[in-house]
Amino acid sequence: MGYKNKELLANWANNIDKVAELTKHSTTRTAKKSRLNELLNTVSTGKIVGASEHKINGKKMLSIHKLTTNAVPAFLECLSLEQLPAFLKAFYPELSIRNDYQQACAIVESNLKQLPTKRSKCPREAKDLFVPMSKSDLLRSDKLLLLDCWRAINYATVNQFAGSTLVKGAGRGVYLTCDVVKSMLKYPQGATRNKIYNALQLLRIAGFIRLAQDNELTPAGLKLQTVNKNGVTVRKNNVFILNDFDKADPKLITDNIRLDLTTRVSKAIIEKILGRENANRYFPSIKSGVDKSVVDKFKKAIEDKGLIPISTLSDVVNNMKSDLGISGEQARLYIDQLCQYKPLHLAKLKKTDAVAHGYDLKGFENIHSSEKLLLVEK
């Protein structure tokens, strides 16, 4: 996005007087701020970066060229992250900066420089996960949101510039919820809570972030990880460790899961990918969804099926309702999760589409052309 003051801010050290004029503010209003979004919500951020400024639901948003974004990504797009601690110290000296903030900014700067694009030299599997093949790519919106969530997690890591460190690895602790991520998105429109949650889950499976374990947390992190709710201590599991981009393994997703941010990956599928021990350790909050017995049952049912459909979708739903004692809506969710797991090779297709793809519909000739079938992919 073309912010008017981007070049000025990028070279702020040689333009002290001009930038000081842009950042002029009341220190009494900013002194107790501990997060970038709080600071930017208080000062004239639009004036600083050179963009139109307005508020949506009490949050400051910036617009340029008909695109609207959150204040933090707009600000950080204009300023080198490695310079951010020095910038804050120079123009907002009333702020206190946490001990490992410089390390956090360096880690995030490195990660953002490795953001995959069509022309980047990052591994092929990273491009397959994050970069649409073209504007007609059916997975375009999900890939763009997944990449935006990865960027937002990094922004969230440097958003908290004051306070105590959360994990023992300097600069890598980050507190994440769907609301935190959404407030850091460069393109927040259309990013639902469900899709953000599912994006975080996929990024965790691939190892871009992972849940911090108790022995990795500082006292501040432990305090944040557990909350007192009506006299009961509740584990929130919201403190994570940010990994380096090049240390993650996108193949865990591209080889095992069809990218679909409307469907959550079940615990059983995570166990198939990462093993039961890792699933229990790093995904303790995931309980529901299709289980191992159902996955194994379908795995056995599709053996040697070739191009012959397993059943109509409605029959599978009815059988699952009866066998598992669940609702039709839950049964359809389970089927979506089964289709999401690539090694099963399951797919849902309309009869007309199945014919077009060369499936043998012997025994299913009399069903309506729009009825869906559960098939084993070629």
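1. Helices H10 and H12 are roughly perpendicular to each other, a label used for angles of 65 to 115 degrees, while angles under 35 degrees count as roughly parallel, over 145 as roughly antiparallel and the rest as oblique. H10 spans residues 140–159 and H12 residues 193–205; they pack at an angle of about 75 degrees with their axes 10 Å apart. The axes are lines fitted to C-alpha atoms, for helices over the stretch in contact, and the angles run from 0 to 180 degrees between N-to-C directions.

2. A word on the basis of these notes. This is a predicted model, in which local features need pLDDT of at least 70 and side-chain atom pairs count only at pLDDT 80 or more, whereas totals for chains, interfaces and linings use all residues. Residues are numbered from 1 along each chain as its sequence is written, and side-chain values use heavy atoms, with hydrogens and water left out.

3. Back to that first pair. On the H10 side, Asp142, Leu145, Leu146, Cys149, Trp150 and Ile153 meet Lys195, Ile196, Ala199, Leu200, Leu202 and Leu203 of H12; contact here means heavy atoms within 4.5 Å. By class, this contact has 10 nonpolar, no polar and two charged residues. Ala, Val, Leu, Ile, Met, Phe, Trp, Tyr, Cys and Pro count as nonpolar, Asp, Glu, Lys and Arg as charged, and the others, Gly among them, as polar.

4. Helices H7 (residues 84–91) and H8 (residues 101–113) pack at about 135 degrees, with their axes 9 Å apart. That angle makes H7 oblique to H8. Leu84, Pro85 and Leu88 of H7 meet Tyr101, Gln102 and Cys105 of H8, and by class these residues are five nonpolar, one polar and no charged.

5. For the overall picture, the protein has 20 helices and 11 strands, taken as DSSP runs numbered from the N terminus (helices H or I, at least four residues; strands E, at least two). Its C-alpha atoms fill a box of roughly 80 × 50 × 40 Å along the principal axes. Of the 378 residues, 49% count as buried, that is, under 20% relative accessible area, with exposed over 50% and partly exposed in between (1.4 Å probe, protein chains only). Among contacts with a separation of 6 or more, 66% join residues 24 or more positions apart.

6. The whole structure has zero disulfides, a disulfide being a pair of cysteine sulfur atoms within 2.5 Å. Cys78 is buried at 2% relative accessible area, and its sulfur is 16 Å from the closest cysteine sulfur, in Cys105, too far for a bond. Cys122 is in no disulfide either, as the nearest cysteine sulfur, that of Cys149, is 18 Å away. Cys122 is buried at 14% relative accessibility.

7. Val167 sits in the loop between H10 and strand S4 (173–175) and is buried, at 4% relative accessible area. Val167 and Ala212 are 45 residues apart in sequence, yet their C-alpha atoms are 7.4 Å apart. Beyond four places in sequence, Val167 touches residues including Arg172, Ala212, Leu217, Val239 and Ile241.

8. Thr312, in strand S9 (residues 311–312), is buried at 6% relative accessibility. Its side chain makes a polar contact with the side chain of Asp315 at 3.1 Å. Such a contact is a pair of N or O atoms within 3.5 Å; within protein, one must be able to donate a hydrogen and the other to accept it, and residues adjacent in sequence count only if both atoms are side-chain atoms. Leaving aside neighbours within four places, Thr312 is in contact with Phe364, Ile367, Glu371, Lys372, Leu373 and Leu374.
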